[in-house]
Amino acid sequence: MNTTELDEAAVLEALRQVMDPELGCNIVDLGLLYSVAITGSKVTVMMTLTTPGCPMHESISWGVKNALLGLEHVEDVEVGLVWDPPWNPAMMTESGRKATGVGSF
Amino acid sequence: MAVSLPISAVADPSPARPVAAAPAPGANAPSVTLPLAFVLVGLAALLAGMGWLVVRPGILAAYHYNQYVIAATHLFVLGWICSVVMGAMYQLVPVALETKLYSQRLARWQFAFHVAGFTGMVWMFRKWNMEEVAHFGSAFAFGVVLFVYNLARTLRRVPRWNVTAAAVASALAWLSLAIIAGLSLAAAKCTYDGVSESSAVGPILHVFKSVAGFVARFDAISAMHAHAHLGGVGCFTMLIVGVSYKLIPMFTLSEVQSHRRAAWSVALLNLGLAGSFVTILLRSRWKPAFALVIVAALAVYGWEIVAILRARKRRALDWGIKYFLTAVAMLLPVSALAIVLSWPRLPLNAFTGQLENAYGFLGLLGVVTFAIMGMLYKIVPFLVWFGCYSRQIGRVRVPALADLYSARLQAAGYWAFLAGLAVACAGIVTSSEAGVRWGCGLLALSTLTLAVNVGSMLSHFSRPRLKPLTFQSSTVLKTA
């Protein structure tokens, strides 16, 4: 498969469909993604959550897999959940801050 | 060739340090059915208890050492508070402490013993049949043994021991002691005339008689108060304190500001309760000293909660957190009453008795119940969402937790509860049946708002609200 068939915009757009149900904001605007790597038809996502022991961790990991496996040309998705470096609100986008009521930095 | 995408939304997209791996997703996910069953039983008990007080307000307008107050108290404590706390702990302790529940099977068995035990106990307290109370109490206690064993084995798996784990362990220990004390009190009130020590149950009978003889050395009311403090302060207040250090930062996007301060609050609470138990039991003049140690523990806890809230990144507080924080603020009048009532030279008159009623009522309803109601607005939506939508996320648009219930009804419940608490407490202190009835009526109304919201959340199991995903650009999706 040609890797150019899967572009950044499509992956991020798909990941914007995955919402943190407690905060009511998608994981891209929350700044939970650390890296996304595309190798052929496989997408590897390294991400974190707002707090270790977040009760939503299983659901959000599933959401990332579901969203990416729905994309054309994606056959395999690996989600790596990491706590270091820890998430902080400065990682959020402006729209993420608005959606969650977090003040600016 | 691998293509790595920069994450444009992230301030620092490529972590400078190597990343530390988290547990695999799905490792700790418990079943949602059992916690929900505990919650529903608890809500039914709360509604029954509120209804009872509305119909019979006189039981709170008189001194509390009677069968009806004791039955109603056990309905609230075992039926409502213990049910919800136990169900929530099966769900939250593994999640919050990043481990897995030791045994779901044991938890299901405990549920059966719990429901049979507390309903029988409340009914038999009402009839003042202490032998049957002891029988049903033993069934309840067996359930608690299963609960404590299950949670203790779960705690042994905790990868990182912290102040929340220490508080949960302390609460389990105090709960066990409260149950032992309760059963001992029941044993002391039983008569053993019909059974011979030479029969098959003779050795057990001998133990019961020995326990009864030991408990009879103490003043009955003091022993009951000491037992109540083991449960109310040792188990429930300890859990509120310990769980706060995990949940308040989680829901307000903040952090514990001083782990040392948090640890001191739990340590002082343990010390103060140990001393209070002994001094209450012995009617010692040292009671105020240990009451002050507990108040100091709660002051340190309050100090840390204020620091956590000041450092929060999420400025707006939702109603669930407002319920919980208001309950925490209620510790102030409860602590003031505790110091007054611990005073050794306090005259033992009818007014003092009503102050004691108000102290217990405010502690169990104002602090523990209000805190639980707030946390139920976090726990039940999570359980329902997890059961209905966790496998759908990313495939279709699923509702957020706050979309599962009415925030307006939640706010109405908050104000009705506060008003009900004020009116009921005024009614209790002045021995006014009308005041107690109106106050408990408002509290019942508040409970109904919670019940309606819980019903609304549960309706998602039969009618999931799913919508198609909406993309802003021409993202290419697989065709079915």
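What follows is a working chat about a predicted model with chains A and B.

Trainee: How many helices and strands are there in chain B?
Mentor: Chain B has 14 helices and two strands. Its radius of gyration is 24 Å, close to the 23 Å that the globule rule gives for 480 residues, so chain B is as compact as a globular protein of that length.

Trainee: And what box do the C-alpha atoms of chain B fill?
Mentor: Along the principal axes, the C-alpha atoms of chain B take up a box of roughly 85 × 50 × 45 Å. Of its 480 residues, 48% count as buried, and among the contacts in chain B with a separation of 6 or more, 80% are between residues 24 or more positions apart.

Trainee: OK, the core next. Which residues touch the most other members of the largest nonpolar core?
Mentor: Those are Ile81(B), Leu239(B) and Leu376(B), in a core of 191 residues. Helix H12 of chain B, residues 350-389, supplies the largest share of this core, with 24 residues.

Trainee: Leu239(B), then: what does that residue touch?
Mentor: If residues up to four places away in sequence are not counted, Leu239(B) touches Val85(B), Ala167(B), Val168(B) and Ala171(B).

Trainee: Back to H12(B). At what angle does H11(B) pack with H12(B)?
Mentor: Helix H11 of chain B, residues 331-342, packs with H12(B) at an angle of about 150°, and their axes are 10 Å apart. That makes H11(B) roughly antiparallel to H12(B), and the crossing of the two is left-handed.

Trainee: Which residues meet there?
Mentor: On the H11(B) side they include Leu331(B), Pro333(B), Val334(B) and Leu337(B), while those in H12(B) include Leu355(B), Tyr359(B), Gly363(B) and Gly366(B).

Trainee: What about H4(B) and H5(B), how do their axes cross?
Mentor: Helix H4 (residues 130-156) and helix H5 (residues 163-188) of chain B have axes that come within 10 Å and cross at roughly 165°. H4(B) and H5(B) are therefore roughly antiparallel to each other, and H4(B) passes H5(B) in a left-handed crossing.

Trainee: And which residues of H4(B) and H5(B) meet?
Mentor: Among them are Val133(B), Gly137(B), Ala141(B) and Val148(B) in H4(B), which meet a set in H5(B) that includes Val168(B), Leu172(B), Leu175(B) and Gly182(B). Val168(B) has already come up, being one of the residues that Leu239(B) touches.

Trainee: Switching to Ala61(B): buried or exposed?
Mentor: Ala61(B) is buried, because 20 other C-beta atoms lie within 10 Å, and the cut-off for that class is 20 or more. The place of Ala61(B) is in the loop between helix H1 (33-55) and helix H2 (67-96) of chain B.

Trainee: What is Ala61(B) in contact with, beyond its neighbours in sequence?
Mentor: Leaving aside neighbours within four places, the contacts of Ala61(B) are Gly427(B), Ile428(B), Ser431(B), Ser432(B), Glu433(B) and Val436(B). By contrast, Phe38(B) is 23 residues from Ala61(B) along the chain, and the C-alpha atoms of these two residues are separated by 31 Å.

Trainee: Last topic, chain A. In what order do its elements run?
Mentor: Chain A has three helices and five strands, and from the N terminus on they run α-β-β-β-β-α-β-α. A compact globule of 105 residues would have a radius of gyration near 13 Å, and the 14 Å of chain A agrees with that.

Trainee: How much of chain A counts as buried?
Mentor: Of the 105 residues of chain A, 55% do. Among its contacts between residues at least 6 apart in sequence, 64% join residues at least 24 apart, and its C-alpha atoms fill a box of roughly 45 × 25 × 20 Å along the principal axes.

Methods:
Residues are numbered from 1 along each chain as its sequence is written. Chains are lettered from A and ligands numbered from 1 in the order in which they are written. This is a predicted model: local features need pLDDT of at least 70, side-chain atom pairs count only at pLDDT 80 or more; totals for chains, interfaces and linings use all residues. Helices (H or I, at least four residues) and strands (E, at least two) are DSSP runs, numbered from the N terminus. The radius of gyration is taken over C-alpha atoms; the globule rule is 2.2 Å times the number of residues to the power 0.38. A residue is buried if 20 or more other C-beta atoms lie within 10 Å of its own, exposed if 12 or fewer, and partly exposed in between; C-beta atoms are placed from the backbone. Two residues are in contact if their C-beta atoms, placed from the backbone, lie within 7 Å. A nonpolar core is a set of buried Ala, Val, Leu, Ile, Met, Phe, Trp, Tyr and Cys residues joined through C-beta atoms within 7 Å. Axes are lines fitted to C-alpha atoms, for helices over the stretch in contact, and angles run from 0 to 180 degrees between N-to-C directions. Angles under 35 degrees count as roughly parallel, over 145 as roughly antiparallel, 65 to 115 as roughly perpendicular and the rest as oblique. A crossing is left-handed if the near helix is turned anticlockwise from the far one by less than a right angle, and right-handed if clockwise.
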